[in-house]
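Student: I have a model open on my screen and would like to talk it through. Could you help me read it?

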Amino acid sequence: MTNPVIPTIRPVRPEDVPAVVAMVHELAEYERAPDQCHLTTEQLTSALFATTAALFGHVAVDDRDQPIGFALWFLNFSTWAGVHGIYLEDLYVSPAARGTGAGRLLLATLADICVRRGYRRLEWWMIEWNPAAGFYASIGAEQMNEWVPYRLSGDALRDLAAQAEAADTRPND
């Protein structure tokens with residue numbers, strides 16, 4: 001019996017984007033919402049590699065440098081702590097690569113970024129029924145029950161935006 005190759009973690013490169021997009025769609029399928037996932041290679045390339053990119057990514061790669069998992073993240077800010085943190089938008093490891101340590105190494109990489117930059121938090125959401133809860137608990141992550149997520153989208157988002165337009169409070173962007 002051979003030991004699995006320990007994945008390498010590195011920042012996403014443009015040539016990785018198609019594989020990451022495919023895994024995002026796999027994640028949507030896993031989370032029982034494939035019809036809600038519309039991400040394209042062009043969109044992710046633009047988001048990750050724009051001059052003023054606000055989205056960042058890392059991939060776990062196998063011994064052939066092929067992506068087997070990814071973490072997409074962006075900065076948040078704690079007004080109470082007065083420092084940035086990382087919000088992990090998505091973490092995914094392909095089923096065939098689970099158990100290789102790829103997920104732990106992706107999270108360890110983000111934790112290292114936090115520590116080196118003086119960020120105080122690494123945060124993410126997880127769908128309630130995801131069996132990864134045990135893994136997250138094993139690395140010391142705490143479930144946050146006291147905060148309730150809210151989302152504004154679709155017509156409600158457009159209706160509220162119209163109020164800013166009507167009041168002429170829009171920033172010059």
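Student: Are Arg158 and Asp155 buried or exposed?
Tutor: Keep in mind that this is a predicted model. Arg158 forms a salt bridge with Asp155, their closest N and O atoms being 2.9 Å apart. They sit 3 residues apart in helix 5, so about one helical turn separates them. As for accessibility, both Arg158 and Asp155 are exposed.

Student: Which residue forms a salt bridge with Asp65, and where is that partner found?
Tutor: Happy to trace that one! Asp65 lies in the loop between strand 2 and strand 3, and the pair links distant parts of the chain, 55 residues apart. The closest N and O atoms are 3.1 Å apart, and the partner is Arg10, in strand 1.

Student: Does Ser94 count as buried or exposed?
Tutor: Ser94 is in the loop between strand 4 and helix 3. Beyond its neighbours within four places in sequence, Ser94 is in contact with Met23, Glu26 and Ile68. The cut-off for buried is under 20% relative accessible area. Ser94 has 16% relative accessibility, so Ser94 counts as buried.

Notes: Residues numbered from 1 in each chain as written. Predicted model: local features only at pLDDT ≥ 70, side-chain atom pairs only at ≥ 80, totals over all residues. Heavy atoms only, no water. Helix = DSSP H or I, 4+ residues; strand = E, 2+ residues; numbered from the N terminus. Buried < 20%, exposed > 50% of the residue type's maximum accessible area, 1.4 Å probe, protein only. Contact = heavy atoms within 4.5 Å. Salt bridge = Lys/Arg side-chain N within 4 Å of Asp/Glu carboxyl O.
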